[in-house]
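Today I am looking up charged side chains and how they pair up. I want to note where each partner sits before I move on.

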Amino acid sequence: MTYLHQHDRTVEGQVLSPFGPLVWQGRLDQSIIDITNECIDKCKKDASLDLASRLAGRVDIQKSLEENIDPRVKDAIMSHVAEYTVISGMNIPKEDMQIHGLWCNDQRKAEFNPIHSHDGMFSFVFYTKNTITQEQATNNKWDKTHEGETQGNRPIAGSIELHYGEPSFMNMASMLHFPQEGDLLIFPAWLRHSVYPFYCEGERISVAGNVHQKLMMNER
């Protein structure tokens, strides 16, 4: 990339990002979203699948999906995971990894997920339903008056945030994302993340899980 400074002399260079973990942002086909929502509707009625007391989220409805999810959903997720490893320089085949832990979060008004991390190699989250827009979520007395979007003064309601390191000059220590239906994020399992509440009426369903290497799982 070429830049011109104030004396109109050419300065050649490029912006690099060699530090910190890589994050995959992808999209899942509508057919996969539909299949997942069918599974979630069935699992919501089963009290034995409740995970609210075992997960970090302050969310009333959190259900295990691992034993009931359609294999096509897992395969779609793992296709993204495999591509993520290629771009990250690891190139781990799909058959050498497996999902261990898969659950849904049915987030409503004022519910949230505090900063936490997962186990395994990678973690993922994708979104199967979202009835609120970012404009609706941030239309509250804390967010709607913000004119700037500096690191410490950003509209955040309803967003997921990935946290890495300590914020300092020229060091972006987080990634903020307002989810849409079909969005998929994959990141190292140790990477801390949180989900902010929204204050309007609405519903957002996310599905999260962890990916382990099969060899490591078999040794347990």
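Before anything else I write down the cut-off I need: a residue counts as buried when its relative accessible area is under 20%, and as exposed when that area is over 50%, with partly exposed in between. I also keep in mind that this is a predicted model.

Entry one. I searched the whole structure for salt bridges, and the search returned eleven. I recall that side chains of opposite charge can pair when their charged atoms come close.

Entry two. I looked up Arg 108 and found its side chain in a salt bridge with that of Asp 106, at 3.0 Å from N to O. Asp 106 has a relative accessible area of 1% and is therefore buried, whereas Arg 108, at 34%, is partly exposed.

I then turned to Glu 203, whose side chain meets that of Arg 108 in a salt bridge of 3.2 Å, N to O. Glu 203 is in the loop between β11 and β12 and Arg 108 is in the loop between β5 and β6, so this pair ties together parts that lie 95 residues apart in sequence. Glu 203 has a relative accessibility of 10%, so I record Glu 203 as buried.

Entry five. Finally I noted a network of salt bridges that links Lys 44, Asp 106, Arg 108, Lys 129 and Glu 203.

How values were computed: Residues are numbered from 1 along each chain as its sequence is written. This is a predicted model: local features need pLDDT of at least 70, side-chain atom pairs count only at pLDDT 80 or more; totals for chains, interfaces and linings use all residues. Side-chain values use heavy atoms; hydrogens and water are left out. A salt bridge is a side-chain nitrogen of Lys or Arg within 4 Å of a carboxyl oxygen of Asp or Glu. Buried means under 20% relative accessible area, exposed over 50%, partly exposed in between (1.4 Å probe, protein chains only). Helices (H or I, at least four residues) and strands (E, at least two) are DSSP runs, numbered from the N terminus.
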